[in-house]
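Subject: Structure handover

Hello,

Please find the structure below, followed by notes on what was found in it.

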Amino acid sequence: MSERRDHVVIIPVKSPGTAKSRLTAVSREQRARLAAAFATDVVDAALRTPGVVAVWVVSDDDGFAHLLAFRGARVCADPGMGLNAALRAGAAAARAVHPAARPVALFADLPCLTSDDLAAALAELVDGIAAFVADADGSGSSLYSAEYDDFDPCFGVDSAAAHRAAGAVPLQGALATLRRDVDDLAGLADAMTLGVGPATSAVVA
């Protein structure tokens with residue numbers, strides 16, 4: 001296991017104005033506020049997690065990315081070639097600063113994420129072996145990690161199957177707050193039941 005291994009967490013963050021388009025039951029302004037709050041809570045949880053030496057935000061929104069930088073994140077520009085390309089760009093930027101650490105891709109739509117669940121997942125990573133965390137529905141993924149030389153995320157439709165096909169192993173354990181991504185109001189309700197972070201709580205209230 002990798003309890004003593006340093007990790008860098010890489011979080012792709014869309015501009016809040018364009019994120020969470022499937023939350024169609026709320027207004028565009030409300031979606032933007034929720035997306036910003038989700039990302040803020042994820043960044044804060046990652047920064048509190050033992051073993052995480054840096055959090056890198058990869059974003060196409062300089063203004064919002066720098067707000068997250070004020071909270072302690074580092075910033076990398078999104079090259080604009082899709083989600084997986086953004087994550088690879090973040091890993092390359094992180095490698096230049098923390099070459100001995102292990103990169104961990106983490107989604108920004110996990111408003112109930114706790115540092116305990118993230119730390120539990122990191123502790124299960126095995127050096128040299130790619131791994132992922134399936135989301136609550138089982139078809140998607142909320143986390144992916146591999147050594148820098150092997151870092152090749154496969155996020156998209158049915159990403160859990162894609163990661164398995166690429167040789168990554170699924171991490172076990174409940175990890176409830178790490179698996180509960182939010183794409184719609186039902187997902188948000190489930191996240192609220194688990195307990196969301198302060199930024200999301202303030203927006204929902």
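To begin with the cysteines: the sulfur of Cys154 is 19 Å from the closest cysteine sulfur, which belongs to Cys76, and that is too far for a bond. A disulfide is a covalent bond between the sulfur atoms of two cysteines; here it is counted when two cysteine sulfur atoms lie within 2.5 Å. The structure holds zero disulfides. Cys154 is partly exposed, at 21% relative accessibility, while Cys112 is buried, with a relative accessible area of 1%. For these words the cut-offs are under 20% relative accessible area for buried, over 50% for exposed, and in between for partly exposed, with a 1.4 Å probe and protein chains only.

Some notes on how to read the values. The model is predicted, so local features need pLDDT of at least 70 and side-chain atom pairs count only at pLDDT 80 or more, whereas totals for chains, interfaces and linings use all residues. Residues are numbered from 1 along each chain as its sequence is written, and side-chain values use heavy atoms, with hydrogens and water left out. Helices (H or I, at least four residues) and strands (E, at least two) are DSSP runs, numbered from the N terminus.

Next, the interior. A nonpolar core is a set of buried Ala, Val, Leu, Ile, Met, Phe, Trp, Tyr and Cys residues joined through side-chain atoms within 4.5 Å. The largest such core has 31 residues, and those with the most contacts inside it are Val9, Ile11, Val13, Val55, Leu106, Leu113 and Leu178. At least two residues of this core come from each of strand E1 (7-13), helix H1 (28-47), strand E2 (52-59), helix H2 (62-70), E4, H4 and strand E5 (131-134). Helix H1 gives the most to this core, with six residues. Apart from this core lies another, of 24 residues, among them Ile10, Trp56, Ala91 and Ala168.

Contacts (heavy atoms within 4.5 Å) show what surrounds single residues. Not counting residues up to four places away in sequence, Ile11 touches Val42, Val43, Val55, Trp56, Val57, Val58, Leu106, Phe107 and Ala108. Val43 is found in helix H1 and is buried, at 0% relative accessibility. Leaving aside neighbours within four places in sequence, Val43 is in contact with Ile11, Val55, Val57, Leu68 and Ala73. Thr40 is also in helix H1 and is buried, with a relative accessible area of 11%. With the neighbours within four places in sequence again left aside, Thr40 is in contact with Phe64, Leu68, Arg71 and Ala199. Thr40 and Phe64 are 24 residues apart in sequence, and their C-alpha atoms are 9.8 Å apart in space.

Phe64 leads on to helix H2. The buried residues of H2 are Phe64, Ala65 and Leu68. Seen down the axis of H2, these buried residues fall within an arc of 100°, so they line one face of the helix; the arc is that of the directions from the helix axis to the C-beta atoms. On the other side of H2, Asp62, Leu67 and Phe70 are exposed. The cover over the buried residues of H2 includes E1, H1, E2 and strand E3 (74-77). Just after H2, Gly72 takes a positive phi of about 125°.

Then the aromatic rings. Rings of Phe, Tyr and Trp (its six-membered ring) pair if their centres lie within 6.5 Å; planes under 30 degrees apart count as stacked, over 60 as edge-to-face and the rest as tilted. The count by this rule comes to two aromatic pairs. In Phe107 and Phe155 the ring centres are 4.6 Å apart and the planes are at 35°, so the pair is tilted. Phe107 lies in the loop between strand E4 (102-106) and helix H4 (115-124), and Phe155 in the loop between strand E6 (141-145) and helix H5 (159-165), so the pair ties together parts that are 48 residues apart in sequence. Both Phe107 and Phe155 are buried.

Last, the backbone. Most residues other than glycine have a negative phi. Asp158 has a positive phi of about 55° although it is not a glycine. Asp158 is found in the loop between E6 and H5 and is partly exposed, at 46% relative accessibility. Leu175, also not a glycine, has a positive phi near 45°. Leu175 lies in the loop between strand E7 (169-170) and helix H6 (176-179) and is buried, at 7% relative accessibility.

Regards
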